[in-house]
Amino acid sequence: MDQCNDRNLNQIKALLTRYGFETKQIAISELVENWAAYYSVYWIRLAILEALYQGRYKAISVEHILDLWKRLGQPTYHFTHEFERFITGNLLIKDFSDHNHFQEEAVEEKPLPLEQCPQPLKNYYYFNSN
């Protein structure tokens, strides 16, 4: 599970950077950490892809998608797997572990496909508040 989360976190940061999402001057690493505190990494990745599919290049759009999915209890995306492969196929992943300088390297090992990552039906943190 950690390997899948790490790969998805790196891809999330790379997607936000590559497609120039408007973040209102919040560092991408900080933004992703804030999202990950409330939503699963799997959902965040899907929400970014859904925002790209809808032509919405703002972090607030991703948050709106995540909030909607939270209310619905599951992600409902409209993009195809071909769109996902096209968008994520040639990403450069940055090493965000050192905030003082970034190193770009070509992705030799592609992120795990969505089908291979655990898919939560509900985010336990939000939906099990009984």
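1. Helix 3 and helix 4 are oblique to each other. Angles under 35 degrees count as roughly parallel, over 145 as roughly antiparallel, 65 to 115 as roughly perpendicular, and the rest as oblique. The two axes cross at roughly 120 degrees and come within 9 Å. Axes here are lines fitted to C-alpha atoms, for helices over the stretch in contact, with angles from 0 to 180 degrees between N-to-C directions. The crossing of helix 3 and helix 4 is right-handed. Right-handed means that the near helix is turned clockwise from the far one by less than a right angle; anticlockwise makes a crossing left-handed.

2. A word on the source. This is a predicted model, where local features need pLDDT of at least 70 and side-chain atom pairs count only at pLDDT 80 or more, while totals for chains, interfaces and linings use all residues. Residues are numbered from 1 along each chain as its sequence is written, and side-chain values use heavy atoms, leaving out hydrogens and water.

3. Now the overall plan. The protein has 6 helices and 2 strands. Both kinds of element are DSSP runs, numbered from the N terminus: helices are H or I with at least four residues, strands are E with at least two. From the N terminus the order is α-α-α-α-α-β-β-α.

4. Which residues join helix 3 to helix 4? On the helix 3 side they are Trp43, Ile44, Leu46, Ala47, Ile48, Glu50 and Ala51. Helix 4 brings Val62, Ile65, Leu66, Trp69 and Lys70. Contact means heavy atoms within 4.5 Å. By class, this meeting has 10 nonpolar, no polar and 2 charged residues. Ala, Val, Leu, Ile, Met, Phe, Trp, Tyr, Cys and Pro count as nonpolar; Asp, Glu, Lys and Arg as charged; the others, Gly among them, as polar.

5. Helix 3 also packs with helix 1. Helix 1 covers residues 2-18 and helix 3 covers residues 41-53. Their axes are 9 Å apart, at an angle of about 25 degrees. Helix 1 and helix 3 are therefore roughly parallel to each other. Their crossing is left-handed.

6. Asn5, Asn8, Leu9, Gln11, Ile12, Leu15 and Leu16 form the helix 1 side of that contact. They meet Val41, Ile44, Arg45, Ile48, Leu49 and Leu52 in helix 3. The classes are 9 nonpolar, 3 polar and 1 charged.

7. Look next at Ala59, in helix 4 (residues 59-72). Is Ala59 buried or exposed? Ala59 is buried, with a relative accessible area of 4%. Buried means under 20%, exposed over 50%, and partly exposed in between, using a 1.4 Å probe and protein chains only. Not counting residues up to four places away in sequence, Ala59 touches Phe21, Glu22, Thr23, Leu31 and Trp35. Ala59 and Val32 are 27 residues apart in sequence, and their C-alpha atoms are 9.8 Å apart.

8. Most residues other than glycine have a negative phi. Lys24 has a positive phi, near 55 degrees. Gln25 has a positive phi too, near 60 degrees. Lys24 is in the loop between helix 1 and helix 2 (28-38), and Gln25 lies in the loop between helix 1 and helix 2. Lys24 counts as exposed at 66% relative accessibility. Gln25 is exposed at 82%.

9. Last, the totals. Buried residues make up 39% of the 130 residues. Of the contacts with a separation of 6 or more, 70% join residues 24 or more positions apart.
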